[in-house]
Amino acid sequence: MAQHKKGDMFGAPGVHIVTANACISSDGTLVMGLGAALAFKKKYPDASKIFGGMVQEYCGHLGRYGLMLYGNKGILQTRCEMQGKVDTGLIKYGLNILRAVAEGNPDKTYNVIH
């Protein structure tokens, strides 16, 4: 069951997922701009390189992936371009993937941080 909580969710147990885009920089890292994505990048310095490689391999720069998980970290795609409009269909696509993953792992907690 989904719950809405406020505060430092990076300290919460479970998988930490931030909203993201599909913009890959020239060095192969995922562009993680402001807010929770920037805090995520600071907490997990290797995240932008790991997820950049995953996104590049899966769909390429500005492609469509929906959700990417790596260990206890993840990104939920809300747009393709860094400054592009939020795409509700894309968010729904990613959340459907997350729902399927969560149903298959009922003992895990998934924290979507934005």
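**View 1. His61 is partly exposed in this predicted model.** Its relative accessible area is 41%; buried means under 20%, exposed over 50%, and partly exposed in between, with a 1.4 Å probe and protein chains only. His61 sits in the loop between α2 (47-58) and β2. Helices (H or I, at least four residues) and strands (E, at least two) are DSSP runs, numbered from the N terminus. Beyond its neighbours within four places in sequence, His61 is in contact with Ala22, Cys23, Ile24 and Gln56; contact means heavy atoms within 4.5 Å. Met32 lies 29 residues from His61 along the chain, and their C-alpha atoms are 14 Å apart.

Residues are numbered from 1 along each chain as its sequence is written. The model is predicted: local features need pLDDT of at least 70, side-chain atom pairs count only at pLDDT 80 or more, totals for chains, interfaces and linings use all residues, and side-chain values use heavy atoms, with hydrogens and water left out.

**View 2. Four strands form an open sheet in the order β2-β3-β1-β4.** The pairing is mixed. Two strands pair if DSSP finds at least two bridges between them. β2 (67-70) and β4 (110-113) are the edge strands; each has a single partner, so one side of each lacks a neighbour in the sheet. From one strand to the next, the twist averages 20°. Axes are lines fitted to C-alpha atoms, for helices over the stretch in contact, and angles run from 0 to 180 degrees between N-to-C directions.

**View 3. β1 (residues 15-20) runs parallel to β4.** Four bridges join the two strands. His16 stands opposite Asn111 in β4. Helix α1 (residues 35-43) lies across β1, β3 (73-77) and β4, at about 130° to β1.

**View 4. β2 and β3 form a hairpin.** Their pairing is antiparallel, over four bridges. Met68 faces Ile75 in β3 as its opposite residue. Two residues separate the strands, and Gly71 in the turn has a positive phi of about 60°.

**View 5. The second largest pocket has a volume of about 260 Å³.** On a 1 Å grid over the protein atoms alone, a pocket is an open set of points where a 1.4 Å probe fits, with protein on both sides within 12 Å along at least five of seven lines; lining residues have an atom within 4 Å of a point. The volume is the space filled by probe spheres set on the points. Lining residues include Thr19, Asn21, Met32, Leu34, Arg79 and Gln83. By class, the lining has six nonpolar, five polar and one charged residues. Ala, Val, Leu, Ile, Met, Phe, Trp, Tyr, Cys and Pro count as nonpolar, Asp, Glu, Lys and Arg as charged, and the others, Gly among them, as polar.
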